[in-house]
Amino acid sequence: MTSHTTRTGVVTASTEQLRELLAPVRYVLWDLDGPICRLFAGRPANEVARDLVREIERLGPDGLLTEEERLCPDPQGVLLAVYFRHPEAGLISHLEKRLTEQELAAVPRAWPTPYADPLIMTWSALGARFAITTNNSARAAAAYTESRRLTACFSHIYGRTEDLARMKPDPHCLSRALESLDAHPSHALMVGDAGTDYQAAQALGVPFLGYARNQRKLDLLVTAGVDPSHIVRSLEEVLIPLKSLKPGS
């Protein structure tokens with residue numbers, strides 16, 4: 001397989017480049033929403049964001065959100081906007097729990113990312129050890145992996161807590177995962193679909209593989225500084241060279 005040139009002229013990863021990236025990997029740190037699944041496939045994320053906005057307007061002080069923030073389609077963006085402007089513990093705790101409930105409710109209708117399940121199972125069979133490092137709730141991540149019968153593959157799951165300052169791009173959850181796995185960063189790989197995933201990995205010296213399911217995601221990863229040769233448009237592109245690696249190689 002050769003490199004892929006996108007309509008913006010960005011050349012993404014080739015099979016040989018991926019084989020070189022994957023060969024030293026013993027530990028994989030996965031983002032949840034994107035590389036493993038589309039968590040809000042059954043209920044759009046912007047609806048969840050609007051629910052949070054209504055809660056903020058009901059419970060918080062007037063004018064807590066700007067008009068732009070009120071229209072934000074990302075519930076985590078809404079949550080962070082409140083946290084950095086008005087980090088009152090009771091309100092933040094309530095909103096974080098509310099978002100966790102919405103994420104748990106979304107799990108039964110989440111869509112597996114194409115090729116994610118076979119990639120996870122193949123990589124695990126080759127001896128790699130996994131952790132989930134996500135800005136979603138760890139409870140939602142655990143519920144999703146259980147629903148896909150992947151629990152045995154993920155011995156460590158680290159997600160959002162009420163201390164929102166430690167969400168990615170802060171590397172806190174990645175650092176906890178590396179410590180739990182007793183993993184050196186040079187033998188690990190972060191698989192993510194956002195600039196914040198990349199920034200967290202960079203902070204710890206962890207190599208990064210970007211997953212871009214569409215052009216917008218690709219553009220955002222490139223803008224964040226991700227090497228296009230370390231970006232794939234489909235996880236099948238990872239599965240193919242992975243199968244050529246010997247167990248423990």
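This is a predicted model: local features need pLDDT of at least 70, side-chain atom pairs count only at pLDDT 80 or more; totals for chains, interfaces and linings use all residues.
I started just past the end of α8, where Asp182 has a positive phi of about 55°.

Next I went back into the helix itself. Which residues of α8 are buried? I got Cys173, Leu174, Ala177, Leu178 and Leu181, in a helix that runs over residues 172-181. Looking down the axis of α8, I found these buried residues within an arc of 135°, so they line one face of the helix.

What do the buried residues of α8 pack against? My list has the strands β3 (27-30), β6 (129-133), β7 (154-158) and β8 (188-192), plus the helix α9 (195-204).

Then I turned to aromatic rings. Searching the whole structure gave me six aromatic pairs. One of them is Tyr83 with Phe84: the ring centres are 5.2 Å apart and the planes sit at 80°, so I logged the pair as edge-to-face. Are these two buried or exposed? Tyr83 is buried, at 17% relative accessible area, while Phe84 is exposed, at 59%.

I also looked up Phe130 and Phe154. Their centres are 5.5 Å apart with planes at 35°, so this pair is tilted. It links distant parts of the chain, since Phe130 is in strand β6 and Phe154 in strand β7, 24 residues apart. Both Phe130 and Phe154 are buried.

Last entry: Phe130 and Phe154 form one aromatic cluster together with Trp30 and Trp123.

Terms used:
Residues are numbered from 1 along each chain as its sequence is written. Side-chain values use heavy atoms; hydrogens and water are left out. Buried means under 20% relative accessible area, exposed over 50%, partly exposed in between (1.4 Å probe, protein chains only). Helices (H or I, at least four residues) and strands (E, at least two) are DSSP runs, numbered from the N terminus. The arc is that of the directions from the helix axis to the C-beta atoms. Contact means heavy atoms within 4.5 Å. Rings of Phe, Tyr and Trp (its six-membered ring) pair if their centres lie within 6.5 Å; planes under 30 degrees apart count as stacked, over 60 as edge-to-face and the rest as tilted.
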